[in-house]
Amino acid sequence: MIITAPLYPAASTYVPPSMSAMSFDTRTVSVNDLFAHPEAKAILLKELPGIESRLKTPQLVPHLSNFSLQDLVNFGALQTDRLAEIDAQLRALPPLPASAS
Amino acid sequence: MQDRRTFLALAASAAGTLALPLGIAEAATPSAAERAFRPGRDQNFDIGWHFRRGEASDFERPALPDDDWRILNLPHDWSVEDVPGGEAPRQLGPFDKRSKGGTDTGYTQGGEGWYRKRFVVRDLPTGGIARITFEGVNVASDVWLNGRHLGTNLYGYAPASYDLTPYLVVGGANVIAVRVRNIGQNSRWYAGSGIYRSVRLDVLPHAARIAPAGITASTRSLDGNVAQVDVRTEIEGADPSLTVITRLRLADGKIAGEAKSPAIAAVSQQITIRSPALWSPSSPNLYALESELRRGATVLDRWIQPFGIRIVTIDAEHGMAINGTPVKLRGACIHHDNGLLGACAFVDADERRILKLKERGFNAIRSSHNPSSRSFRDACDRHGMLLIEEAFDMWNVAKRKDDFSNQFAEHWREPLTSMVLAARNNPSVIMWSIGNEIPDRATPIGVEWSWKLANAVHALDPTRPVTAGLNGVMGREVTASTQTARAGWAGRTDQASTVFLDVAGYNYGLPIIEHDHAAYPQRVIYASETFPRDAYDYLMLAKRSPYMLGEFVWAGMDYLGEAGIGLNGQIAKGAPPFVIPQFPLFNANCGDIDLIGNQKPQSRARDVIWGLSPIEIAVQTPLADGKSEYVSLWGWSDETPNWTWPNAVGRSLAVRVYTAGDRVELTLNGKNVGSKSMTSADKMRAELMVPYAPGVLEAIAYVGSRVIGRQRLKTVSAPSSLRLTTERSPLRADKHALLHIGVDVTDAENRIVPDAARPVSVAISGPAVLVGFGSANPRAVGSLQAPAAQTFNGKALLILRLSGTPGVVRVGASSDGLRGDAVTVRIKT
């Protein structure tokens, strides 16, 4: 058997990747992305009163671009049983459109 | 809680006299030979530095009197040294409740410190070069030679080299000065302060020489019984009339393969090795990679480094294989510190950590979240420990206000480059990680940074995949173009966080890994951080999923800082399930192995899950009335292999049995007190309630009617004696060598008393000095370098550094009311 070492060569230049359309939910979309969309933000503020102030903890703020609402629940940073209801409303929003590179 | 400074006074008074004054003993003044350097590569430059803690503006002046400064040998970390004048209980030893780092740095203190060293370089002709390399200085450093500024390093985990030649006085007196600053809130964990890794000096007399980090070697192919090794050697002052000779030597010195080429600027050679001794975790065979630059028979330069012949392949269909053999990663995340020694990267301490983890079945380490020390990597090579080298914990968005994010945009390339160049010939290194839990990584700016970093790594080393530790969501779906994508991935739909990664590291991703695999079946995944409690689930996931390479538990060993993230505790029933870590907690308390190297209960459970042990037994510490137990996500229940509970006679205690069997039985003093059938739903863990009575508790595990293992816990009696155990001897007289001595509190039958917390003082004579003494107690703030400490769970650890001269080291230990113990260790020349 011949085993050949794989190679991971560098690419040539950076062109921003194209982005697909994005739907909203509590599991795969970051908290920051939800808050950046006015309609999604309105849903969160309605369903989770006071959430904005609760997310201002300095140690939490850097992670809100990575954490979903579900992640916050998993890590104990948010206590709520409203995620299913929030999801139903978020999914009714029109997705963010795709963009070319 | 009684603090350790109080113990110190009590113990000293009880012991009568101590061989050492309080505090760490100072290094002897270096010899003339240790100050003088002749031509040669990789000369140790650690001995005889003058050190002063505090701010200054002109300590780089060559004429500055420094005779009254402390003289010490590197590695050194002042953040684990006692701060004089402190007042208990707010300030104890190196710990200060007002520390700017707080729980992040384990309440230790940073500040500023200066190092100076006088030295002589002989025999450096015109055209030669003298170059110094600091392998690690935390956090930021500036270096001067003879008053001239050589440079600044803002990322203390990365090696930094400086050319001394322009300002060097050949044959005369030279003074090198280093200012080190650890200022503000700059880290989420204990970084340490000072020149905490080795310093090396190259004195190369010839104008033609091998370039810094100028050798790259990798295995290109394995074909039956033949290996092809590619070696690239960069030459400064190249001259085709010179010759580059590259050899691979076996451990016995015999040449296994050789190539000779004219010394052009970049020499590419291929060496054929027949019947190669391959490197792998189970057989870490190493060759010496010897590179010579010659003029005729005269050797102008020679560089020897370890090298392993191995090929690592990774894909979603087959997972990871090393030399064609499938390997699942049983990994540990660890920080860089060596517990009681702080950040100091002693060879023996780094190696000890690796051996402790290897003993527990780990085959991989993620150097989180920064490049490891050279001594650590070399030990990984020697012992077959796979290693993920990680560059950053942050890019351009801060996690702490004074962290490297402030300099990242301007200075990211230097540490990334030095990480790869320093470690690309280590066979243990299997992947490069460009970051951990990077904020904003999935934004358009973050995606571009991801490409920049991954691409820079690929340009430096195209033989290893790039990864990152990813928490949370993976971001929008994206598609990269031909000129931007990694090889073979142009036009494929991926996600913002993973599009430029060859292997995706999921931090705490157990709930989403299989879902993501279904959506992106070509993605190679490993669990880059995991909770200890999920070990069984990750093992099963890895077994059924070729694309899943394995897991890295957070954390393999306890470490300083991130205090209390693995906390457990008793809280009022119905209270919110949370305990806020605070002073005096100073260590993370989340490791499988504790701060001094002993197994914790999660490690015993892992022993069973990973097949190292057929059965383990533990008993939960009884809960007080009205209390329930809180356990953090990174923690473990307060359970110990202990059947000595004098205050719980008649109470039902929770007994946990870990086994791969299908049934367990418990007997107490020979009588059956419970049994349980187990299925896969139990995940190898059974809990039975047993009314406590002193005696012998035995757990027996069965598969069908066959006994596969049994373990006993016996009630011990009162503390009776101390027991000292040297971990390794004999030793050679090396100023870098360490001697680890375990201190146990035992009963009359020589059994460790599992809850013993006893003050112990030690007396040391002979050619060694105390550099660490303490326990695994995460709340034991106080000196880490005094000759007195308190045991925790019946144990403590004493660490001595040899003085470099032969002789006999004698250590005596005493504790009021206990029979003392003593050990002697002969130190050879």
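**Entry 1: peptide bonds**

I began with B:Pro584, which I found in the loop between S36 and helix H10 (601-609) of chain B. The model is a predicted one, in which local features need pLDDT of at least 70 and side-chain atom pairs count only at pLDDT 80 or more, while totals for chains, interfaces and linings use all residues. Residues are numbered from 1 along each chain as its sequence is written, and chains are lettered from A and ligands numbered from 1 in the order in which they are written.

The bond that joins B:Phe583 to B:Pro584 is cis, with omega at about 15°. I noted another cis peptide bond between B:Trp554 and B:Ala555, with omega at about 10°. B:Ala555 lies in the loop between strand S35 (548-554) and strand S36 (568-572) of chain B. I recorded these bonds because most peptide bonds are trans, just as most residues other than glycine have a negative phi.

**Entry 2: positive phi**

I then looked up backbone angles in chain B. B:Glu437 has a phi near 45°, a positive value in a residue other than glycine. B:Glu437 sits in the loop between strand S29 (429-436) and helix H7 (444-460) of chain B. B:Glu437 counts as buried because it has 25 C-beta neighbours inside 10 Å. My cut-offs for C-beta atoms placed from the backbone were 20 or more others within 10 Å for buried, 12 or fewer for exposed, and partly exposed in between.

B:Tyr508 has a phi near 60°, again positive in a residue other than glycine. The loop that holds B:Tyr508 runs between strand S33 (503-507) and helix H8 (513-519) of chain B. With 23 C-beta neighbours inside 10 Å, B:Tyr508 is therefore buried.

**Entry 3: helix H10 of chain B**

How many of the residues of H10(B) are buried? I found 9 of the 9 buried, so H10(B) is largely enclosed by the rest of the structure. Among them are B:Arg604, B:Arg606 and B:Asp607, as well as B:Val608 and B:Ile609. The cover over the buried residues of H10(B) includes helix H9 (535-544), strand S37 (615-620), strand S39 (639-640), strand S40 (652-659) and strand S43 (685-691) of chain B. Just after H10(B), B:Gly611 takes a positive phi of about 85°.

**Entry 4: helix pairs**

I fitted axes as lines through C-alpha atoms, for helices over the stretch in contact, with angles from 0 to 180 degrees between N-to-C directions. In chain B, the axes of helix H3 (residues 347-359) and helix H4 (residues 374-383) come within 9 Å and cross at roughly 40°. H3(B) and H4(B) are therefore oblique to each other; under 35 degrees counts as roughly parallel, over 145 as roughly antiparallel, 65 to 115 as roughly perpendicular and the rest as oblique. The contact includes B:Ile354 and B:Leu355 of H3(B) and B:Phe376 and B:Ala379 of H4(B). Residues are in contact if their C-beta atoms, placed from the backbone, lie within 7 Å. By class, this contact of H3(B) with H4(B) has 6 nonpolar, 2 polar and 3 charged residues. I counted Ala, Val, Leu, Ile, Met, Phe, Trp, Tyr, Cys and Pro as nonpolar, Asp, Glu, Lys and Arg as charged, and the others, Gly among them, as polar.

In chain A, the axes of helix H2 (residues 38-47) and helix H5 (residues 83-91) come within 10 Å and cross at roughly 160°. H2(A) and H5(A) are therefore roughly antiparallel to each other. A:Ala40, A:Ile43, A:Leu44 and A:Glu47 of H2(A) meet A:Glu85, A:Ile86, A:Gln89 and A:Leu90 of H5(A). These residues of H2(A) and H5(A) divide into 5 nonpolar, 1 polar and 2 charged.

**Entry 5: chain A against chain B**

I found 33 residues of chain A in contact with 49 residues of chain B. On the side of chain A that touches chain B, strand S1 (2-4) and strand S2 (18-19) each supply at least two residues. S1(A) gives the largest share of that side, 3 residues. By class, the side of chain A that touches chain B has 20 nonpolar, 12 polar and 1 charged residues.

**Entry 6: chain B as a whole**

Chain B has 10 helices and 54 strands. The C-alpha trace of chain B spans about 85 × 70 × 50 Å along its principal axes. Buried residues make up 54% of the 829 residues in chain B.

Terms used. Helix = DSSP H or I, 4+ residues; strand = E, 2+ residues; numbered from the N terminus. Contact = placed C-beta atoms within 7 Å.
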